[in-house]
Amino acid sequence: MDRSAIEAFLERFVGYASGATTMGLLAVADRCGLLSWLGEHGSGTIDAISEGAGLDSRYVTEIMSGLAAAGAVGYQPETDVFTLPPEHALFLADDSSPYFMGGWLDMVPAMLRQIDGIAHAARHGGGVGFEEFGQRMIQGIDRGNSPSQQVFLTTRWLPAVPGLVDRLKAGIRVADLGCGSGTAAILMAEEYPRSQVSGFDVSEAALTTARSRGQSIENVEFLRYPVEEVPLDPPFDLITAFDVIHDLADPLAGLTRVREALAPDGQFLMMEPNASSHLEENLTDVGALLYGVSAMHCMTQSLAGGGEGLGAVWGRERSEEYARRAGFSSFEPLEDLTNRFSAFYLLTQ
């Protein structure tokens with residue numbers, strides 16, 4: 001055996017384990033209000049943080065020590081002061097920032113709680129259904145997606161489609177598929193009051209939140225339909241789906257239904273994880289993250305419904321293949337919007 005290879009993998013495994021425990025510490029800090037206090041005040045000693053946040057100092061000591069070791073917070077031993085740098089606060093404490101990752105502190109624990117069920121499915125088939133991940137997953141998806149949508153949806157994503165904003169201002173019919181807790185649909189309805197926006201989802205829990213948030217907005221509605229059964233008449237001028245299609249039991253049927261639900265000059269704006277369809281091009285930290293989330297959520301909840309289990313890492317090439325098979329004549333990657341994590345595509349009849 002190669003001793004250097006053994007040592008190298010040991011270091012890598014320690015990284016896996018410390019990453020998992022750091023996510024746990026961040027989740028605890030998020031839920032008890034510690035991250036929120038740090039985001040507001042920036043720094044403090046253990047006593048100041050404990051008193052200010054109303055927390056037990058022994059827990060604060062251990063949590064802050066672990067986060068300092070992980071590099072999430074800074075530590076000055078000469079003054080015993082811990083600091084959350086403002087750049088880190090964008091990810092951990094500021095839910096108005098497009099970089100905010102607080103949703104992962106809900107989603108990762110929700111996925112890990114289902115390990116036994118996923119292992120059972122790996123042996124016997126089937127999967128773990130979406131509803132089994134519970135309210136924490138719904139909250140995590142909302143917290144994970146909403147910040148970027150609130151910052152970019154009406155300022156960058158929609159304006160990237162030529163002529164679309166003018167049409168929205170004039171008034172068109174819009175469908176947001178897999179709308180979840182309603183952020184995108186509500187943002188479009190508020191920004192473009194002459195357009196009628198319909199949000200569709202299969203989760204009644206998510207729809208309850210969406211309806212509550214949108215109850216005072218006349219031009220938005222939320223309906224329980226799977227993508228594969230979205231109403232066809234009257235047709236929609238714009239359909240959006242943000243990180244949805246790969247989760248479907250039958251993605252091809254879903255895309256076909258989207259095409260059928262579009263008006264002749266309608267447009268479909270689709271956001272999906274930014275990945276290749278070829279494993280050798282995904283051997284990165286982001287690839288590892290996507291495959292992990294896919295196996296522990298996206299793929300398994302599709303298989304639970306007797307579906308294809310396409311998974312999050314279907315990639316650009318398969319996305320275009322499925323779009324063509326569904327009958328779309330145009331598949332245009334929107335390169336100006338694509339980032340490290342998300343790819344955007346414009347599809348037309």
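Where is D80 found? D80 sits in the loop between β2 (74-76) and β3 (81-83); helices (H or I, at least four residues) and strands (E, at least two) are DSSP runs, numbered from the N terminus.

Before going on: this is a predicted model, where local features need pLDDT of at least 70 and side-chain atom pairs count only at pLDDT 80 or more, while totals for chains, interfaces and linings use all residues. Residues are numbered from 1 along each chain as its sequence is written, and side-chain values use heavy atoms, with hydrogens and water left out.

D80 has a positive phi of about 60° although it is not a glycine. D80 is partly exposed, with a relative accessible area of 41%; buried means under 20%, exposed over 50%, and partly exposed in between (1.4 Å probe, protein chains only).

D243 also is a non-glycine residue with a positive phi of about 60°. D243 lies in the loop between β7 and α12 (251-261) and is partly exposed at 24% relative accessible area.

Next, a peptide bond. From D233 to P234 the bond is cis, with omega near 0°. P234 belongs to the loop between β6 (220-224) and β7 (236-242).

Now the helices. α3 (residues 46-53) and α4 (residues 57-70) pack at an angle of about 120°, with their axes 9 Å apart. Axes are lines fitted to C-alpha atoms, for helices over the stretch in contact, and angles run from 0 to 180 degrees between N-to-C directions. That makes α3 oblique to α4: under 35 degrees counts as roughly parallel, over 145 as roughly antiparallel, 65 to 115 as roughly perpendicular, and the rest as oblique.

Last, F341. This residue lies in the loop between β9 (330-333) and β10 (342-348) and is partly exposed, at 37% relative accessible area.
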